[in-house]
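The sequence and structure come first.

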Amino acid sequence: MDNPVKIRVENLTFSYHQTPVFEHINLDFNAHAITAITGPSGRGKSTFLSLLNRLWESQPFAKMEGKVWILLDGQWVDIYGKTLSKPDLRRKVGMVFQTPNPLPMSIYKNMAFPLKLTGMTEKALVDAKITAALRQAFLWDEVKDRLHDSAFGLSGGQQQRLCIARALVSQPEILLLDEPTSSLDAGAASVIEDLLVRLKERCTLIVVSHYLDQVSRIADTALKLEARGFLPV
Amino acid sequence: MTRVTQQTARIVFFLSAAVSAMAAALVFGFLLVFGFPLIGGGEFFSLLARPWSPGQGLYGFLPMITGTAAISFLSIVFALPLSLGTVCFMGGLGPARISRLVDGFVRFMTGIPTVIYGFLGIFLLVPVVRTLFTSAGSGMCILSASLMLSLLVSPTMIIFFKDGFDSVDVRYIQAADALGADSVQRLIYVILPEAWPGIVTGIIMGLGRAMGDTLIALMIAGNAVHVPGSILDSARTLTSHIALVSASDYDSLAFKSIFACGLTLYVLNAFAVIAVRRLGRKRGPVR
């Protein structure tokens, strides 16, 4: 049975320095599923993710046309429209990068960072949310005794799970992951794969990956990015 | 790179570093030697505390020390918010196109000769201060000089601040953006703490420039030789004092005293640098 659609991309065209990267893309992404995006390097897989949380907008010389809709509380919302602010969008659509990018702070402060941005200060509530997100990211047992140590003291795999947990603390509905295991060894990667499959309950996941075996292990749907457009795998 | 070129580069850079360190040490030595007649007699420290009155044989420069301290400190007080504000504007709060214009303008400002600032001060700023504050007399006072000086040192500070901002790891900025930080939050929580060493360096360079500048204070601080009681009083800095005395004199005891004056400026500057470094030492975030 197919899940309902969560993200709808409509006639999307994106160019960089006036060179088209995508042209007239129409795509649907199912809710509570993992959609994998594969394809050769340099075709714009990461760029495509950044169109879904508007992170591309900080780049000069980039231009986008078309629409991206996401389903929030039963309503289709145009993410480039006025109803949703960029910070709010990014709390609904979390992102995890290729290289783990904890901020230069303690584990606790990294986790509290997204909450601080929303003005949440009540310590008990913050602590509860942090604990819950760390548990969801399979990290709690490994860090519970050193929450106030630097995040840089964690291993690569732990740092990446911290970044996933940090994204989860805002309770996103969509999670974008840009080659989340490519900087990790096989053991750390497999923990993250298990985690992603588990997270389907809570979120809609889009994972960029160029490991075909990984795609076949975790993805419900796979798309291959070819010149300027997507093909089903 | 081959071993030989690497070795050569190392030697060349070592020599450059050694020469500049030596130059600073030589200047210090030179001041010590020429100021020796006053220092050797055990009079140096009493000079620091005495007034300047050559007619009565008093060659102290307490007034100039306070003048330098007041004018340079105050100019940094004015320049810091101005510079930090400009850099924040360029670092993400303002539109990119205008930021580039501002950047170009700031770099242009560093090239404007000091005397132009002095002129502007005399014809534009001093009359305003004179009109606004009746107790400022002619308008040539610490306030006028430090306001003008803050314009002079701001571009220097801005350039160092901006270097600090630019050195912030782009991954931190991306992380903050992706977590939903708006541009002000990104600035306060991520960029400013990371750019802190650059900000401290900028303050030191600005303070150094403010203390070392001669012309602005000479032209618009009024040059009175008494310890100022308020920022609306006229004052003389150590640098203006050296310029004034050496322009009119050559062989008197007054002339000899200006070496001690230079030495004082040197030491004062060194203390200021150390103080800012200590204050600015990063204590917070764990790494």
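Predicted model: local features only at pLDDT ≥ 70, side-chain atom pairs only at ≥ 80, totals over all residues.

A:Phe113 counts as buried, at 1% relative accessibility.

## Aromatic pairs

Over all chains, a search of the whole structure finds 14 aromatic pairs. One of them is the tilted pair of A:Trp56 and A:Tyr80, with 6.4 Å centre to centre and 45 degrees between the planes. A:Trp56 belongs to the loop between helix 1 (45-52) and strand 4 (62-72) of chain A, and A:Tyr80 to the loop between strand 5 (75-78) and helix 2 (86-92) of chain A, so the pair ties together parts that are 24 residues apart in sequence. A:Trp56 is buried, its relative accessible area being 10%.

A:Phe113 and B:Tyr189 form an edge-to-face pair, 6.2 Å centre to centre with 80 degrees between the planes. This pair crosses between chains: A:Phe113 is in helix 3 (residues 107-117) of chain A, and B:Tyr189 is in helix 8 (residues 183-212) of chain B.

Ring pairs also link a cluster made up of A:Phe14, A:Phe22, A:Phe29, A:Phe48, A:Trp56 and A:Tyr80.

## Charges over rings

Within chain A, the charged end of A:Arg8 sits over the ring of A:Trp76, at 5.6 Å from the ring centre.

## Helix 8 of chain B

Helix 8 of chain B has 30 residues, and its end C-alpha atoms are only 37 Å apart. A straight helix would reach 44 Å at 1.5 Å a residue. At B:Trp196 the helix bends by about 60 degrees, and a proline, B:Pro197, follows within four residues.

The N-terminal end of helix 8 is capped by B:Asp182, which has a side-chain oxygen 3.1 Å from the backbone nitrogen of B:Val184.

## B:Gln185

B:Gln185 has its place in helix 8 of chain B. B:Gln185 is buried, with a relative accessible area of 15%. Its side chain reaches across to chain A, where the backbone oxygen of A:Leu117 lies at 2.7 Å. Leaving aside residues up to four places away in sequence, B:Gln185 touches A:Leu117, B:Gly180 and B:Val190.

Key
Residues numbered from 1 in each chain as written. Chains lettered and ligands numbered in written order. Heavy atoms only, no water. Phe/Tyr/Trp six-rings, centres within 6.5 Å; stacked < 30°, edge-to-face > 60°. Helix = DSSP H or I, 4+ residues; strand = E, 2+ residues; numbered from the N terminus. Buried < 20%, exposed > 50% of the residue type's maximum accessible area, 1.4 Å probe, protein only. Lys NZ or Arg CZ within 6 Å of the ring centre and 35° of its normal. Expected span 1.5 Å × (residues − 1). Bend = angle between axes of the 7 residues up to and from the residue. Polar contact = N/O pair within 3.5 Å; in protein donor to acceptor, adjacent residues only side chain to side chain. Contact = heavy atoms within 4.5 Å.
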